[in-house]
Amino acid sequence: MKLLRQAREVARVDLVVEGRVGETLRVIVPFAVAALLVLPLAQGPNLALLRQVGAAVFWTLAVLFGMQIALRQSANDTDARRDFYALSGVDPAARFLGRTVSGTILLTVFLAVLFLATLALYDPPVAGGDLPALVLAVVLFAYGLAALATLAGEVSAGLRSRGALASLIVAPLSLPLVLGAAQTAAGIGRDAGILSWSLLLLATDIALTVVGIAVAGPLEEART
Amino acid sequence: MTRVRIWFALAGVALAAGLWMALSAPVDALQGVWFRLFYIHVSTMWFGMLAFLVTAVASIAWLIRKKQRWDRLAAASVEAGVLFTGIGLVVGMIWGKAVWGVAWDWEDPRLASTAVMFFVYLGYLALRAAVGDPEARARRSAVLGAIAAVQVPLVYFSVNLFRTLHQTQTVRPDGMTMSPEMRPAFFVNLLAFTLLYVALVQARTFVAKREEARSQIEVAAGDAVVPPRLDEVHDV
């Protein structure tokens with residue numbers, strides 16, 4: 001219980017800091033929406049093609065800009081903040097969980113905005129389907145990406161090339177998350193079975209959580 | 001150093017023998033001479049995956065024991081693994097282009113998962129290069145080395161989990177799916193790449209050990225020993 005309480009507090013502090021800095025909403029989200037304009041401008045206004053590739057573009061940008069959100073500067077602990085957490089007795093595992101939760105919330109908001117922008121600009125076919133299942137898949141994807149990025153951020157913490165290095169680690173390892181989320185969304189649209197893809201998402205999230213909690217302590221030692 | 005040279009000499013002899021046997025083995029009835037690439041492709045991919053598993057074991061051993069030799073082994077094994085996997089991918093693409101008609105089949109999960117694994121270990125090497133402090137480097141790399149190995153069984157069994165264009169394992173618990181006349185060439189190539197893997201790991205751990213010794217001497221000497229600057233040499 002203490003771990004969860006600490007994690008909740010870390011997540012709250014993270015969101016307050018992010019609210020003040022505004023990196024996600026003021027910089028990364030507009031950048032991602034601007035990136036949606038590149039393909040139609042480069043390809044020409046081929047509406048049929050844009051409808052066809054809309055979902056693929058959405059998931060590509062979700063990963064690329066989702067990594068930026070999860071690895072945002074405000075989630076990069078300064079030595080002072082790290083010392084503050086250590087002296088306050090905050091468990092490194094709670095910090096991992098808290099950061100993952102705050103990243104999940106920000107990513108979910110980002111994905112919602114990106115989804116609406118993709119819908120407006122590309123008009124991809126969206127079947128009615130099972131909306132709660134789709135929302136659950138998106139949240140599981142956001143959680144997994146946030147956990148993976150938190151882990152990669154810790155591994156590369158304090159390094160000058162942190163941004164590029166953490167992205168290099170996250171991008172290939174996020175494959176099961178992208179596969180699971182994209183196939184679940186596509187399955188809902190086609191009224192096909194989504195259980196196996198949803199389970200893949202869930203299993204990846206659980207594995208990342210277990211690993212993140214297990215290695216939080218050793219990674220904390222690496223910085224001291 | 002002599003031991004490393006002996007390993008390389010043995011590997012060189014075995015590779016030459018493997019190449020000769022691969023070229024003189026009977027051709028495949030359907031694939032023709034292109035099948036000869038199989039001997040290199042399978043051997044390099046096997047040892048790529050094996051190298052990453054060795055890294056995982058060495059990484060876990062480092063996290064438990066904190067002995068520097070485990071870190072050296074982990075790093076050396078990843079370098080060999082990345083080299084073998086890179087060669088295996090390129091050879092596989094050439095082979096695929098010749099017999100499938102395409103170098104890269106997006107419906108084949110073995111190809112995609114191998115590429116992902118390859119890039120994760122490139123990330124591992126980039127991480128090692130970015131961290132200066134040996135202790136921090138060993139710790140961070142050990143965590144990543146242990147986590148990244150989760151992909152290895154997924155890559156290996158992907159051809160069984162999904163039915164694709166890629167052929168399934170040649171060596172199975174119930175026997176080999178290969179003509180008896182081709183087996184000697186296959187086993188000699190496996191032996192050759194085993195020796196090459198050992199030689200590369202030995203050489204890399206030897207170099208890493210020397211580098212550590214040099215940095216320890218530099219730390220101990222401090223500013224007492226300063227190398228001459230070029231402009232000072234010219235002044236004289």
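pLDDT is the predictor's confidence in each residue, from 0 to 100. This is a predicted model: local features need pLDDT of at least 70, side-chain atom pairs count only at pLDDT 80 or more, and totals for chains, interfaces and linings use all residues. Residues are numbered from 1 along each chain as its sequence is written, while chains are lettered from A and ligands numbered from 1 in the order in which they are written.

**View 1. Confidence in chain B.** Chain B has an average pLDDT of 86. In this chain, 89% of the residues score at least 70. Among its elements, helix H8 (residues 230-235) has the lowest mean pLDDT, 60. H3(B) has the highest, 94. The model as a whole scores ipTM 0.70 and pTM 0.79.

**View 2. The fold of chain A.** Chain A holds 10 helices and 0 strands. Helices (H or I, at least four residues) and strands (E, at least two) are DSSP runs, numbered from the N terminus. The radius of gyration of chain A, taken over C-alpha atoms, is 18 Å. Of the 224 residues in chain A, 42% are buried. A residue is buried if 20 or more other C-beta atoms lie within 10 Å of its own, exposed if 12 or fewer, and partly exposed in between; C-beta atoms are placed from the backbone.

View 3. A nonpolar core is a set of buried Ala, Val, Leu, Ile, Met, Phe, Trp, Tyr and Cys residues joined through C-beta atoms within 7 Å. The largest one has 114 residues. Those with the most contacts inside it include Leu107(A), Phe141(A) and Tyr121(B). Helix H7 (residues 131-155) of chain A brings the largest share, 14 residues. H7(A) is mostly covered, with 18 of its 25 residues buried.

**View 4. Around Leu107(A).** Two residues are in contact if their C-beta atoms, placed from the backbone, lie within 7 Å. Not counting residues up to four places away in sequence, Leu107(A) touches Gly66(A), Ile69(A), Ala70(A), Ala142(A), Leu145(A) and Ala146(A).

**View 5. Where chain A meets chain B.** The contact takes 16 residues from chain A and 15 residues from chain B. On the chain A side, helix H8 (162-173) and helix H10 (195-223) each give two or more residues. H10(A) gives the most, with 6 residues. By class, this side has 13 nonpolar, 2 polar and 1 charged residues. Ala, Val, Leu, Ile, Met, Phe, Trp, Tyr, Cys and Pro count as nonpolar, Asp, Glu, Lys and Arg as charged, and the others, Gly among them, as polar.

View 6. Helix H3 (residues 68-99) of chain B has 32 residues and reaches 46 Å from its first C-alpha to its last. That is close to the expected 46 Å, where the expected span is 1.5 Å times one less than the number of residues. Just after H3(B), Gly101(B) takes a positive phi of about 95°. Helix H4 (residues 109-130) of chain B reaches 31 Å, close to the 32 Å expected. Its buried residues include Arg110(B), Met117(B) and Tyr124(B).

**View 7. Val219(B).** This residue lies in helix H7 (residues 183-221) of chain B. Val219(B) is exposed because 8 other C-beta atoms lie within 10 Å. Val219(B) and Trp34(B) are 54 Å apart in space, C-alpha to C-alpha, and 185 residues apart in sequence.

Notes
The radius of gyration is taken over C-alpha atoms; the globule rule is 2.2 Å times the number of residues to the power 0.38.
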